[in-house]
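Thanks for coming. I will go through a few packing and pairing details, and the structure comes up now.

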Amino acid sequence: MTTTPSGGARGTVLVVNSGSSSVKYQLVDPVTGEAVASGLVERIGEARGAVKHVAHGETTRRETPVPDHAEALRVVLGLFDEIGPDLSTSHVVAVGHRVVQGGSRFDGPVLVDDAVEAAIEELSPLAPLHNPPNLTGIRVAKALLPDVPHVAVFDTAFFRTLPDAAATYAIDTAVAEEHQVRRYGAHGTSHQYVSQQVAEVLGRPLEELHQIVLHLGNGASASAVRGGVAVETSMGLTPLEGLVMGTRSGDIDPAVVFHLHRNAGMSVDEIDDLLNRRSGLKGLAGENDFRALHQLVDQGDERALLALDVYLHRLRKYVGAYHAVLGRLDALTFTAGVGENDDLVRARLVEGLDAMGIEVHPERNAGRKGEPTVISPEGARVTVLVVPTNEELAIARQSLDVIGA
């Protein structure tokens with residue numbers, strides 16, 4: 001193992017994101033930011049699993065049964081052995097694991113031990129779709145790679161700084177405390193990374209910037225970041241709250257749940273499925289892929305037109321609200337799949353926000369953005385940017401910090 005000039009460990013980090021039916025991975029050099037290799041194992045537990053491995057500039061695709069996460073990670077390690085790069089000579093100094101829910105216990109990345117595993121399991125009721133597969137990935141990876149430290153990086157950690165006024169739901173305090181009901185947020189790794197990148201792009205100290213970050217993908221969230229510290233975010237107890245998303249409703253009157261249960265005879269599980277998987281753009285327009293949605297809009301499809309209007313209306317509400325929370329706004333940044341690639345959404349969002357100093361330059365905004373780009377006009381009061389997120393790199397660097405410490 002080599003070391004950096006600062007004394008920390010120098011090498012690569014294998015980043016693992018274990019989902020309910022997939023394992024996404026990337027071998028990262030956290031110093032240079034290079035993705036040495038990456039891949040995805042999908043359809044775990046189905047008859048035919050799908051495997052993609054990218055290394056040496058080439059992509060390998062295969063279909064093979066992947067009965068469980070243990071086999072998925074064995075497949076991943078087998079691909080590194082067969083195709084490369086060879087992990088034994090890649091100086092892997094840590095395995096970094098994405099974990100969605102850290103609750104009130106974790107305000108940063110931690111070295112995984114038995115107590116951390118137990119805590120992640122105990123927090124599973126707060127993220128039942130995410131924490132169990134995250135934990136499975138950790139346990140399997142530790143068994144297959146026992147000689148390397150494993151680090152858990154939590155989506156919620158960046159938002160542990162939310163003021164009590166922003167984190168507290170107005171329900172009975174005893175009930176909230178007993179059942180850990182508060183606003184935790186999500187996508188924190190992305191919001192933290194992007195807000196730090198904005199300071200670098202603008203050449204200004206992070207501590208002096210008031211920012212809004214819009215992480216717009218199939219899942220979508222907004223954050224207000226003052227001086228590098230998160231003071232508001234749109235997701236809450238779970239990733240369901242907030243913006244209109246690909247298949248999630250976002251903000252909704254809680255009484256809708258009671259109404260559907262009492263009058264439609266829907267069970268809690270059915271309503272859960274409705275709000276998480278059959279709502280948002282999918283529920284409104286039948287499509288949650290923005291490319292297909294724009295095609296429908298161009299054809300004059302009324303449902304698609306309404307869906308896009310609802311999506312943008314909710315976004316503008318959050319931008320206005322967060323501007324008020326921050327007191328002033330220096331930078332508004334788009335990131336993630338939609339934010340980085342959909343210039344129409346970016347342009348439509350800022351319509352009518354010029355009174356707040358928020359506008360985009362048509363030519364600067366045009367097209368997809370693969371690198372940090374300022375898209376506001378010269379001299380604009382608020383700098384509007386597109387900054388590609390890189391959660392894998394963020395996880396790798398946080399993992400390196402932990403083992404270096």
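H1 and H3 are oblique to each other, where oblique is what remains once angles under 35 degrees (roughly parallel), over 145 (roughly antiparallel) and 65 to 115 (roughly perpendicular) are taken out. This is a predicted model: local features need pLDDT of at least 70, side-chain atom pairs count only at pLDDT 80 or more, and totals for chains, interfaces and linings use all residues. Residues are numbered from 1 along each chain as its sequence is written, and side-chain values use heavy atoms, with hydrogens and water left out.

The helices (H or I, at least four residues) and strands (E, at least two) are DSSP runs numbered from the N terminus. Two packed helices are described by the angle between their axes and the distance between the axes. For H1, residues 69–82, and H3, residues 131–144, the axes come within 9 Å and cross at roughly 50 degrees. The axes are lines fitted to C-alpha atoms, for helices over the stretch in contact, with angles from 0 to 180 degrees between N-to-C directions.

Which residues of H1 meet H3? They are His69, Ala70, Leu73, Arg74 and Leu77, and on the H3 side Pro133, Thr136, Gly137, Val140, Ala141 and Leu144 (contact means heavy atoms within 4.5 Å).

E6, residues 49–55, pairs with E7 in the antiparallel sense over 7 bridges, and Lys52 stands opposite Arg61 in E7.

Buried means under 20% relative accessible area, exposed over 50%, partly exposed in between, with a 1.4 Å probe and protein chains only. His150, Ala152 and Phe154 lie on one side, Val151 and Val153 on the other. E8, residues 92–99, runs parallel to E10 with 5 bridges, and Arg98 stands opposite Val153. E9 joins E10 antiparallel through 2 bridges, with Leu111 partnered by Val151.

Last, H10, residues 290–298: its buried residues are Phe290, Ala292, Leu293, His294, Leu296 and Val297.

Technical notes: Two strands pair if DSSP finds at least two bridges between them.
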